[in-house]
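Q: Please take a close look at the charged side chains of this model and at the parts of the chain they join. Which partners do they find, and how are they placed?

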Amino acid sequence: LGLDLEAVRTAPGVVLVLAARDLDEPVDLSPVHAGDEPIFASGEVRFCGQPLFVVAAETREQARRAARLARVDYTDLPAAITIEDARTLATGFVCEPLVLERGEVEAAMAEAPCRLSGRMRIGGQEHFYLEGQVALAVPGIEGEMLVWSSTQHPSETQLMVARALGLPMAAVTVRCRRLGGGFGGKETQANLFAVLAALVARRTGRPAKLRPDRDEDMILTGKRHDFLVDYEVGFDRAGRIHAVRATLAARCGYSADLSGPVTDRALFHADNAYHYPAVRLRSEPWRTHTCSNTAFRGFGGPQGVLVAERIVEEVAFATGLDPLEVRRRNLYREGDLTPYHQPIEDVPLQAILEELAERAAYAERRRAIAAFNTASPVLKKGLALTPVKFGISFTTTFLNQAGALVHVYQDGSVHLNHGGTEMGQGLFIKVAQVVAETFQIDIDNIKITATTTGKVPNTSPTAASSGSDLNGMAAKNAADQIKDR
């Protein structure tokens, strides 16, 4: 109902205060669905912690003190905090649901000798990277902007800053030497802090740095999507699955962010390593009045795998079979079709599982555990052997590319730059090893430089377990071209 920032503007050390009404044009941070993620709330606050304004001061402490002087008048509106709330209030979806279907599901379910259904909850998760979100924007000549950002996706951060400032992407450079951890939490979520720093730097003509405290970071930024899953499975007494129906509802938050591809990937993994002869899987990406959930290690895949494993365990309990035996009997085999109609080829699952079970002495250990549990009224033990499928690389297929820049200098030293972000996974060294092997030189002769959009443009995010493959092959391609010349 009202936002009074006068006390903020007159606080000691304050140089600039920006709210939605102070911007020349609305600034949208949505990476996929344009227009659904405003940089500041205006008229309606859609989650607890949504930014209302930004304060720039001579010191960080002065800015933090000044921000607390704002006066905001609110009136409460009905809030959808959980997935059940969203269904009750009919808040709608942040993007289109996906349905994967193959076979005659209704008939197969009706004809199955046994059926069971259930519901499971899969919790969310905070990334808790050791280095929090941070950005430093430095204004340059002719309106140019240099942004040092803790980002997994420098090119997207570059695009967001350029849009916010009304600049071509070529006038914005984003650099990142390394991250103190990301896990998906800096794929899109770093953009807010980079854009705010750039807006302040543009208005003041001075470098501007933004680093939220850990509590602010956790309140502001998205998490792993939590899911509510309803499932039904038809099977026989031998533990073979005949049909599966499941609805995977996700709490996505107030905007789409990457919820579409995350919930898609959850469906792509809801079969894990098992063949469902008839299957229907549906996603429900619910809009809620919570922070916008985002990419997180596995990107929906772990949630999908959990659904498949829960179904297998339920079948095992219902039939009295060892869960590993149920897994064996339902493994994918050559020529099977996935729910997304991809034929399974070159599948060594059966042989791998058999060898693992033998080498791990699975059967003997299960017998020992059963004897222990019978004699132990309180303390219980368990053992499981589980296959895991994971889809490497991006479902947005044009992102499955990379670039590299390799210079060879007169003294034989080599300068290496590529589009990947180093965040503790050893990417820089791995790519340098590829170049060293290609040139047949010692790795000490290779100088690895910071990731920057000014050297390698239009980069893909370092995500989807693809950073080493994509950037390593790009660097090899560059080194091979030099050798050929």
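A: Glu232 and Arg245 form a salt bridge, their closest N and O atoms being 2.6 Å apart (a side-chain nitrogen of Lys or Arg within 4 Å of a carboxyl oxygen of Asp or Glu). This pair links distant parts of the chain, with Glu232 in strand β11 and Arg245 in strand β12, 13 residues apart (DSSP runs numbered from the N terminus: helices H or I, at least four residues; strands E, at least two). The model is predicted, so local features need pLDDT of at least 70 and side-chain atom pairs pLDDT 80 or more, whereas totals for chains, interfaces and linings use all residues. Residues are numbered from 1 along each chain as its sequence is written, and side-chain values use heavy atoms, without hydrogens or water.

Glu232 and Arg245 also belong to a salt-bridge network with Glu101, Glu106 and Arg280. Across the whole structure, the search finds 27 salt bridges.

One of these joins Asp213 to Arg60 at 2.6 Å, N to O. Asp213 lies in the loop between β10 (208-210) and α7 (214-220) and Arg60 in helix α2 (residues 60-67), so this bridge ties together parts 153 residues apart in sequence. Asp213 is partly exposed at 23% relative accessibility, and Arg60 is partly exposed at 33% (buried: under 20% relative accessible area; exposed: over 50%; partly exposed: in between; 1.4 Å probe, protein chains only).

Another bridge brings Glu131 and Lys186 together at 3.1 Å, N to O. Because Glu131 sits in the loop between β6 (114-122) and β7 (135-139) and Lys186 in the loop between β9 (172-176) and α6 (190-204), the pair connects parts 55 residues apart in sequence. Glu131 is partly exposed at 26%, whereas Lys186 is buried, with a relative accessible area of 0%.

Asp236, in the loop between β11 (227-235) and β12 (241-253), is buried yet has no salt bridge. The nearest side chain of opposite charge is that of Arg240, 5.2 Å away (Lys and Arg positive, Asp and Glu negative; His and chain ends not counted). Leaving aside residues up to four places away in sequence, Asp236 touches Pro113, Cys114, His242 and Thr319 (heavy atoms within 4.5 Å).

Helix α10 (residues 323-330) is mostly covered, six of its eight residues being buried.
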